[in-house]
Amino acid sequence: MSLLSITDLHVQYDVPDGVVRAVDGVSFDIEPETIVGVLGESGCGKSTLSKSIVRALPDNGAIRSGEIRFDGRDLSTLNGEAVRQVRWDRIAYVPQSAMGSLDPVCTIEEQLVETITAHRPDTSRRECLDRAGEVLDLVGISPSRLSSYPHELSGGMRQRVLLAMSLLLEPDLIIADEPTTGLDVLIRDKILNDIEMYRDEFGISVLMVSHDIADLVETSDEMIVMYGGKIVEQGPAKTLFDEAVHPYTMGLRGSLPELHDDPEDLIEMKMEPPDLQSPPEGCRFVNKCPFVTEECTVDHPGFVEAKPGVESACYRATEASALREKATTVSWKDD
Ligand SMILES: Nc1ncnc2c1ncn2[C@@H]1O[C@H](COP(=O)(O)OP(=O)(O)OP(=O)(O)O)[C@@H](O)[C@H]1O
């Protein structure tokens, strides 16, 4: 049985002149001991999706329909107290900004101990301190840092403290939103290794959100590619990277400079997401796709399994290998 199963999830934000359809009919499963990467450019709905799972949406955001099934319960319908029990204990959420998520006036020790006692009030102070030191040690930070305040740590250390915090209660699932963004390459590698360790040594599944295809492919077992609030492609991460079926995934891969010796082969995509208040008719990617056909303008395509285990929402999925050949010779800009 899947650890988490999301079915036809719709999440919207109310804004003064309408609604933003940030997550629009998303379905996927997370299996135990699996790292699932969620890939997409800024504004495609990745954070909204992860916040919906732990019910941490801002006040103007709401789950309009769909199911988020975890351990036999639909998280989308749980009340506040029931959600609090699941959050941290079973599903830990590591938000995007480490500085904004740590309390600047409390030491790391106070924050780690408080997280434990809020969920396990019977834990003794000694046990809390031992566990706090243990999780810091696991992410490569000396337990002597327990007495530090967040501003006394580097950005990379703060991010690792948050990841350590997510381990405190031994959850089944960790959701990490852009855990490596803005960090130097050594810290990034350390964090990606740690995420693999969570899966391999503790059997924890991880939903890792990123706009960086290289980070996700290095670490993830499965990958979900989002564009304009929808999943456009999902499947084994390495297969999607090497043999992308959806043109958007092809474009993301093709825009990685490190993969191309010849700059002529680089794909330059105009990085501007569609307006999710009035998304395009038809496929969400229609205005950017160089391979667009008449039917792409009418309806968003359903998923087809163009290769084993890969589901792609593209009318031209069966032509993917021919399109990949042409990908560097066509224009990816929509202006
Ligand atoms: N509180 C909000 N009110 C209105 N619209 C919002 C709100 N939060 C996000 N949005 C909109 O919802 C859409 C999805 O945003 P979301 O933050 O989920 O995307 P993302 O892929 O995580 O991007 P980023 O990495 O930049 O956060 C965007 O159009 C965004 O402008």
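This is a predicted model: local features need pLDDT of at least 70, side-chain atom pairs count only at pLDDT 80 or more; totals for chains, interfaces and linings use all residues.
Local features need pLDDT of at least 70 and side-chain atom pairs count only at pLDDT 80 or more, while totals for chains, interfaces and linings use all residues.

**Stop 1: the ligand.** Select the ligand and the residues around it. The shell holds 16 residues (C-beta atom, placed from the backbone, within 6 Å of the ligand). Y13, A22, S42, S47 and T48 are the closest. Now color by type. Seven shell residues are nonpolar, eight are polar and one is charged. Here Ala, Val, Leu, Ile, Met, Phe, Trp, Tyr, Cys and Pro count as nonpolar, Asp, Glu, Lys and Arg as charged, and the others, Gly among them, as polar.

**Stop 2: the elements behind the shell.** Show β1 (4-15), β2 (18-30) and α1 (46-53); each supplies at least two shell residues. Helices (H or I, at least four residues) and strands (E, at least two) are DSSP runs, numbered from the N terminus. Which element gives the most to the shell? That is α1, with three residues.

**Stop 3: W88.** Go to the loop between α2 (80-86) and β6 (91-94), where W88 lies. Its phi is near 75 degrees, a positive value in a residue other than glycine. Most residues other than glycine have a negative phi. W88 counts as partly exposed because it has 19 C-beta neighbours inside 10 Å. The cut-offs are 20 or more for buried, 12 or fewer for exposed, and partly exposed in between, with C-beta atoms placed from the backbone.

**Stop 4: E170.** Move to the loop between α6 (155-167) and β7 (173-177), where E170 is found. Phi of E170 is also positive, near 50 degrees. With 13 C-beta neighbours inside 10 Å, E170 counts as partly exposed.

How values were computed. Residues are numbered from 1 along each chain as its sequence is written.
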